[in-house]
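Hi,

Here is the structure I promised to pass along. Have a look at it first, and my notes follow below.

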Amino acid sequence: MKIAIGCDHGGYNLKGEIINYLESKSIEYKDYGTFTKESCDYPDYALNVAEAVVSKEYDFGILICGTGIGISIAANKVPGVRAALCSDTFSAHATREHNNANILALGERVVGPGLAIDIVDTFLNSEFQGDRHQNRIDKITKIEEKYYR
């Protein structure tokens, strides 16, 4: 499993905690930044991670900003991305099983590091169920095709 990870200044500290977790599990990752706490623009990091996931260079992405909202909105503009903002493990589990989410978004100001690690662990260890859920993913793809010509 290969993970693309990125954040803006609002997610910098939590990104470090998640990288420590990935390393402890020997999970391969690439850090797309930011590399400082200086104010920066989350769409830049969302785009880099989203493109890495859609190109299949990485299996999943993890994006972090202050709330997780802005960075997930930006990532979801890339066709093929299904970024899910999760603040609990149930949502992380459900979004993988039902939505086949390929990017997890987190908010550093919303979840603490312990919960964030549990959410990441749940997200990475849950699998898409397919079946009736695939039909819904196909409909999302048709929406993308309609508006992203």
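His-98 sits in helix α4, which covers residues 89–99. Keep in mind that this is a predicted model. Apart from its neighbours within four places in sequence, His-98 is in contact with Phe-128, Gln-129, His-133 and Ile-137.

Cys-65, for its part, belongs to strand β3. Is Cys-65 buried or exposed? Its relative accessible area is 4%, which is under the 20% cut-off, so Cys-65 is buried. Leaving out residues up to four places away in sequence, Cys-65 touches Asp-8, Gly-10, Gly-11, Gly-70, Ile-71, Leu-106, Gly-107 and Glu-108. One of these, Gly-107 in β5, also stands opposite Cys-65. Strands β3 and β5 (residues 103–107) run parallel and are joined by five bridges.

Now for the sheet as a whole. It is open and has five strands in the order β2-β1-β3-β5-β4, with parallel pairing. The edge positions go to β2 and β4 (83–85); each has a single partner strand, so one side of each is left without a neighbour in the sheet. From one strand to the next, the twist averages 20 degrees.

Strand β1 (residues 2–7) is mostly covered, with five of its six residues buried. It pairs with β2 (residues 28–31) in the parallel sense over four bridges, and Ala-4 stands opposite Lys-30 in β2. Between these two strands the chain passes through helix α1 (residues 12–24), and this β-α-β crossover is right-handed. β1 also runs parallel to β3 (residues 60–65), with five bridges joining them; there, Cys-7 has Ile-64 as its bridge partner.

α1 lies across β1, β2, β3 and β5, and runs at about 165 degrees to β1. Helix α2 (residues 42–54) packs on the sheet too, where it touches β1, β3 and β5, and its direction makes about 170 degrees with that of β3.

Best wishes

How values were computed:
Residues are numbered from 1 along each chain as its sequence is written. This is a predicted model: local features need pLDDT of at least 70, side-chain atom pairs count only at pLDDT 80 or more; totals for chains, interfaces and linings use all residues. Side-chain values use heavy atoms; hydrogens and water are left out. Buried means under 20% relative accessible area, exposed over 50%, partly exposed in between (1.4 Å probe, protein chains only). Two strands pair if DSSP finds at least two bridges between them. A crossover is right-handed if, with the strands pointing away from the viewer, the path from the first strand over the helix to the second runs clockwise. Contact means heavy atoms within 4.5 Å. Axes are lines fitted to C-alpha atoms, for helices over the stretch in contact, and angles run from 0 to 180 degrees between N-to-C directions.
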